[in-house]
Structure formats: C-alpha cells, structure tokens
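Subject: Structure for your files, with notes

Hello,

Here is the structure I said I would pass on. My notes follow below it.

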Amino acid sequence: MARSATERVPAQQSLLRRVVGGVREMVLIVVIALVIATLIKTFLAQMFVIPSQSMENTLQRSDRVLVVKAVGYQRGDIVVFEDKLNWLPPAPEANAVQRALEFVGVLPASGDQYLIKRLIGLPGDRVVCCDVQGRITVNGFALDESSYLYRKPDGTSVKPSEMPFDVVVPAGRIFVLGDHRNASADSRYHFCDTVGATAKGDNAFPFVVSIQGPAKVLAYPFDRAATFAAPATFAGVPDPVPAPDPPPLPQGGGC
C-alpha cells in the first residue's frame, strides 16, 4: 500500500538530516586535517621544491626535500632559508588555490620565496678562501669538501671557490655556499650588493631567523631517496675566537 503524504515527509526529513550530518562530518574531518597539516608545516617539518641547479650533484632541480623544523642546525647542514635579502627576482604571482595549499602544507613550498644552500659559517666565524691548497677555511680549519662539491662530466670537482674572500660572519647572520660553486648565486655573489644593503657586504649574509631548518631527507624522486647529515669535516671546525681587529666586510670579491 502506498504511503500517504504525511508518512513520506518524516522519511524525507530523516534522509535530509543524514545527508546534512554526513556533509558536516566530512567538513569537520577536512578542517581538522588542514589544521594538523598546518601545525606540522609550521612546527615540525615541511616539503620544499629545489628551484635551481646550485646544489648539484647533491640535489637536482625539481627535487623534493623534507626540512625538519623540530631539530637544530649546524655547520655543514643543507639549510632552507627565506629570501629576506632579495637574492631572487620577483616571482610570478601564484594562484589563490596554490598559495592556500602551500600555506597549509598540502603542496610543497615552491622556490619563489626560499633558497637552499650549505651552511658554511655561523655568527662570529671567520671564513676565508683560500689556503695554499685551495681549501676554504673556517676559523683557521681547512674543510675537506670533496664529498659534496659538484663533479664535472670528466669526474673532476669544481674548486671550492674561484673568488677569494676573507669575512667574519656578523651577529645574527650566516654564510652559505652552493655545492655547485660555479652555478650558485650564494653569499659570495652578493658581496657587492648595494641595493638594500646597509653596509658593504651586508647582503651576503642571510639572517639566522630566516632559516626554516635543515634538509634531512630527499623524498622525491623515489629512486634517489636519501638522508642528509653534516659532513664529517665540519666536526673539526673550532669555535670562533674574537679577533682584536677583524677584517672588514668583506675583503676580496672584486667590489
């Protein structure tokens, strides 16, 4: 026997309540997931896309690396830092959806605002290129960089630097270099910046507070997955000793 109109109304209302309840539950799950993703990105870890060839062969353009924010960093680490010194040219404006997904950590952060280099000098360190054997020294200790410097097709490594310099890293700043020294617009490249610099050489040293964290995992492509740690050579670097008359910022660099 067919239901009457009065019987069909409660059934329709019950179905509507179940649909509304299901949608509400789904929205709540999505919101919670986004909040968790945002908290993870902000305080624990974040994925970044490598924007250039400056870290070859350690990292290739378009690689995805996981930066762990919940741990400290040290000399020798590969670090991601925000571009607060205008090292990068203005980037094309990302669409709203991409910005939102990057913000919550669903998409890896693009290279438009961030750079990745190897941390060579901490505040107070004296970094010099080069000693009589062509090695960069930090606080007088010569680095053996053979394990990560870019290797040419013939198997030979690039020099630690073609540019001589002698700098003391200012307070609150760091000194960074790319592993592919001949293709890296790193600290050396910005010794002569004048736009935005408050003093000679000022723009060569990224801010400590701009560091997002050390890159610990090469997550993609999967066939090259790897983990990273500071090379053993950096364990020999002594703490900086304040010099009575430190060198100006910087010596060398051709400014």
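Which side chain meets that of Asp-131 in a salt bridge? The partner of Asp-131 is Arg-135, with an N to O distance of 2.9 Å. Please keep in mind throughout that this is a predicted model.

Overall layout

The chain has 255 residues, and 38% of them are buried. There are 2 helices and 12 strands, and their order along the sequence is α-β-β-β-α-β-β-β-β-β-β-β-β-β. If contacts are limited to residues at least 6 apart in sequence, 73% of them join residues at least 24 apart.

Salt bridges

The structure holds 10 salt bridges. To return to the pair above, both partners are partly exposed: Asp-131 has 21% relative accessibility and Arg-135 has a relative accessible area of 30%.

Another of the salt bridges joins the side chains of Arg-224 and Asp-63, at 2.8 Å from N to O. This pair links distant parts of the chain, 161 residues apart: Arg-224 is in the loop between strand 10 and strand 11 (226-227), and Asp-63 is in the loop between strand 1 and strand 2 (64-68). Asp-63 is buried, with a relative accessible area of 3%, whereas Arg-224 is partly exposed at 29%.

Lys-84 and Glu-82 also meet through their side chains in a salt bridge, at 3.6 Å from N to O. Lys-84 counts as partly exposed at 44% relative accessibility, and Glu-82 counts as partly exposed at 25%.

Disulfide

A search of the whole structure finds 1 disulfide. It joins Cys-129 to Cys-130, with an S to S distance of 1.9 Å. The torsion about the S-S bond of Cys-129 and Cys-130 is about -75°, so the disulfide is left-handed. Cys-129 has 9% relative accessibility and therefore counts as buried; Cys-130, at 28%, counts as partly exposed.

Aromatic pairs and charges over rings

The structure holds 8 aromatic pairs. One of them is the edge-to-face pair of Phe-48 and Tyr-114, with 5.1 Å between the centres and 70° between the planes. Phe-48 lies in strand 1 (residues 45-49) and Tyr-114 in strand 4 (residues 114-121), so this pair ties together parts that are 66 residues apart in sequence. Phe-48 is buried, with a relative accessible area of 3%, and Tyr-114 is buried as well, at 16%.

Phe-165 and Phe-175 form a tilted pair, 5.4 Å from centre to centre and with 40° between the planes. Ring pairs link Phe-165 and Phe-175 with Phe-191 and Phe-205 into a cluster.

Two single residues

Is Val-138 buried or exposed? Val-138 is buried, with a relative accessible area of 0%, and it belongs to strand 6 (residues 137-138). Leaving out residues up to four places away in sequence, Val-138 touches Arg-75, Ile-120, Asp-125, Arg-126, Val-127, Leu-143, Val-237 and Pro-238. One of these, Arg-126, is 12 residues from Val-138 in sequence and 5.6 Å away in space, C-alpha to C-alpha.

Tyr-189 is in the loop between strand 9 and strand 10 (211-220). At 57% relative accessibility, Tyr-189 counts as exposed, since the cut-off is over 50%. Tyr-189 and Trp-87 are 102 residues apart in sequence, and their C-alpha atoms are 9.4 Å apart in space.

Regards

Notes:
Residues are numbered from 1 along each chain as its sequence is written. This is a predicted model: local features need pLDDT of at least 70, side-chain atom pairs count only at pLDDT 80 or more; totals for chains, interfaces and linings use all residues. Side-chain values use heavy atoms; hydrogens and water are left out. A disulfide is a pair of cysteine sulfur atoms within 2.5 Å. Buried means under 20% relative accessible area, exposed over 50%, partly exposed in between (1.4 Å probe, protein chains only). Rings of Phe, Tyr and Trp (its six-membered ring) pair if their centres lie within 6.5 Å; planes under 30 degrees apart count as stacked, over 60 as edge-to-face and the rest as tilted. Helices (H or I, at least four residues) and strands (E, at least two) are DSSP runs, numbered from the N terminus. Contact means heavy atoms within 4.5 Å. A salt bridge is a side-chain nitrogen of Lys or Arg within 4 Å of a carboxyl oxygen of Asp or Glu.
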